[in-house]
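This report covers charged pairs, a strand hairpin and aromatic contacts. Please look over the sequence and the structure first.

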Amino acid sequence: MSHSTDSSRSSSSSTSEEEVHVQIDEQDDDPVEDLMLMVLQQHQQVMEAYQRRETRRRRRFIQRNREAGHERLVNDYFSTNPVYHDGIFRRRFRMRRELFLRIVTALENHSTFFQQREDAVRRKGLSPLQKCTAAIRQLAYGVPADHLDEYLRMGESTAIRCLFKFCEYLVEIFGDRYLRRPNADDVQRLLQMHDDRHGFPGMLGSLDCMHWKWKNCPIAWKGQFTRGHGSPTIVLEAVASHDLWIWHAFFGVAGSRNDINVLYESPIFNNVLQGNAPEVNFTVNGTTYTKGYYLTDGIYPEWATFVKAFPCPEDPKRKLFKERQESARKDVERAFGVLQSRWAIVRGPARYWYRKKLKQIMLACIILHNMIIEDEGGHVIDWYNDEADELAQPILGSNRGFQDYLRTNSELRDTQVHHQLRADLVEHIWGNCNNMNP
């Protein structure tokens with residue numbers, strides 16, 4: 001009896017153990033847990049791959065030792081006994097040391113970007129000399145930004161930012177002075193200078209356009225910035241005098257347009273139309289004129305303010321006039337040549353994307369061009385004349401009526417005055433030539 005009882009107990013215990021194992025197996029084969037385990041494994045793999053990718057993308061820190069770059073720059077050019085003399089400095093910086101230091105001081109006082117600051121660990125950053133030198137070298141040589149890393153110890157992105165900030169602040173500080181329109185005293189000096197040098201009374205300067213190739217022009221804009229089958233360009237319209245000072249600069253028009261289209265958008269005659277331009281009075285061959293004129297090439301319209309050469313003259317008087325006019329008109333061509341020779345960045349293709357940045361670079365190069373002319377004593381401006389400085393301030397607003405505006409505009413575009421002025425200049429130049437060679 002007892003044996004049967006024990007056997008029944010053992011059989012029941014074995015049965016219960018089998019049921020427990022079956023339940024455990026059923027729990028192990030639960031599809032929900034398997035799915036959760038699979039999701040966790042995939043999430044872990046994704047996180048590991050992301051960490052590996054972030055490790056590869058992380059920018060490597062380069063200890064450039066910018067303090068050594070500053071010391072080297074000071075010892076080479078700005079110490080008491082620099083390694084390189086003044087001639088080499090002017091050739092590499094395109095200006096005298098005194099003018100460069102004046103620009104550095106002005107930028108340092110204008111913006112905190114050009115001030116030497118400390119970082120979180122009290123380490124000094126790049127000096128104003130390093131930042132301005134990086135910008136000047138890019139403008140002067142047209143080199144890529146990373147070309148300056150080995151000498152100035154400055155990264156590529158920092159050098160590009162220095163260039164943009166340098167041009168932006170240079171226009172803000174010196175634009176009103178070196179891009180202003182001529183005042184009454186300037187006009188009288190220009191008239192006297194061009195009459196003495198070229199024999200053209202009433203001449204204010206020479207007008208022409210220059211194209212700057214745009215290498216990184218957006219594809220969507222290439223059609224409107226490309227003429228024919230060439231490359232995209234941006235147009236600069238400028239007026240230059242005999243001393244190569246650039247008095248007018250209008251930049252940003254698409255390169256597919258010619259000089260006439262640029263002229264119709266240009267603000268060159270805005271002061272005349274608004275009645276804010278200085279008065280100009282001169283007499284040629286017994287005829288009195290009340291508006292100055294610019295020498296242009298053949299594409300420009302026959303306006304009273306333009307003097308063009310004859311296409312194919314046969315008369316000796318007209319041949320002489322054509323020779324003198326083309327010779328005097330080369331002033332603006334010479335100015336373009338000096339501008340591109342001095343600042344190679346505007347000679348080669350523009351590598352930047354935004355038109356605003358390109359405009360600031362072009363205007364900064366023109367400002368530096370005029371500053372160098374002033375520093376070297378080749379300008380006609382008297383900055384020490386207080387009255388001239390007062391007259392140089394822009395006149396905002398005008399009380400002229402719309403009828404006066406239309407009348408002035410009609411006078412500027414008067415074809416009859418254009419032909420009469422050119423005929424008087426022909427006789428004037430021929431008479432002066434006979435007087436010089438009796």
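## Terms and basis

A residue is buried when its relative accessible area is under 20%, exposed when over 50%, and partly exposed in between (1.4 Å probe, protein chains only). Phe-89 is buried on this scale, with a relative accessible area of 1%.

This is a predicted model, in which local features need pLDDT of at least 70, side-chain atom pairs count only at pLDDT 80 or more, and totals for chains, interfaces and linings use all residues. Residues are numbered from 1 along each chain as its sequence is written, and side-chain values use heavy atoms, with hydrogens and water left out.

## Salt bridges

Side chains of opposite charge can pair when their charged atoms come close. The rule applied here for a salt bridge is a side-chain nitrogen of Lys or Arg within 4 Å of a carboxyl oxygen of Asp or Glu. It gives a count of 19 salt bridges. One of them joins Arg-96 and Asp-375, with N to O at 2.7 Å. This pair links distant parts of the chain, 279 residues apart: Arg-96 is in the loop between α4 (86–93) and α5 (97–110), and Asp-375 is in helix α14 (residues 355–375). Helices (H or I, at least four residues) and strands (E, at least two) are DSSP runs, numbered from the N terminus. Arg-96 is partly exposed, at 37% relative accessibility. Asp-375 is also partly exposed, at 26%.

Asp-208 pairs with Arg-329, and their closest N and O atoms are 3.6 Å apart. Asp-208 belongs to strand β1 (residues 203–213) and Arg-329 to helix α13 (residues 316–342), so this bridge ties together parts 121 residues apart in sequence. Asp-208 is buried, at 5%. Arg-329 is buried too, at 10%.

Within helix α13, what separates Lys-322 from Glu-326? They are 4 residues apart, which is about one helical turn. Their salt bridge has its closest N and O atoms 2.8 Å apart. Glu-326 is partly exposed, at 33% relative accessibility. Elsewhere, salt bridges link Lys-291, Asp-404, Arg-407 and Glu-411 in a network.

Two strands pair if DSSP finds at least two bridges between them. Strand β2 (residues 233–240) and β3 run antiparallel, joined by 7 bridges. Ala-240 has Ile-246 in β3 as its bridge partner. The two strands form a hairpin with 5 residues between them. In the turn, Leu-244 has a positive phi of about 75°.

Strand β3 (residues 246–254) has 8 of its 9 residues buried, so it is largely enclosed by the rest of the structure.

## Aromatic contacts

Rings of Phe, Tyr and Trp (its six-membered ring) pair if their centres lie within 6.5 Å; planes under 30 degrees apart count as stacked, over 60 as edge-to-face and the rest as tilted. The count is 31 aromatic pairs. In one of them, the rings of Phe-78 and Phe-89 have centres 5.7 Å apart and planes at 85°, so they are edge-to-face. Phe-78 lies in helix α3 (residues 66–78) and Phe-89 in helix α4, so the pair ties together parts 11 residues apart in sequence. Phe-78 is buried, at 17% relative accessibility. Tyr-300 and Phe-306 are edge-to-face as well, at 5.6 Å centre to centre and 65° between the planes. Both are buried.

Tyr-77, Phe-78, Tyr-84, Phe-89, Phe-93 and Phe-100 form one aromatic cluster.

## Charges over rings

A charge sits over a ring if NZ of Lys or CZ of Arg is within 6 Å of the ring centre and within 35 degrees of the ring normal. The charged end of Arg-92 sits over the Tyr-84 ring, 4.6 Å from its centre. Arg-422 has its charged end over the ring of Phe-310, 4.2 Å from the centre.
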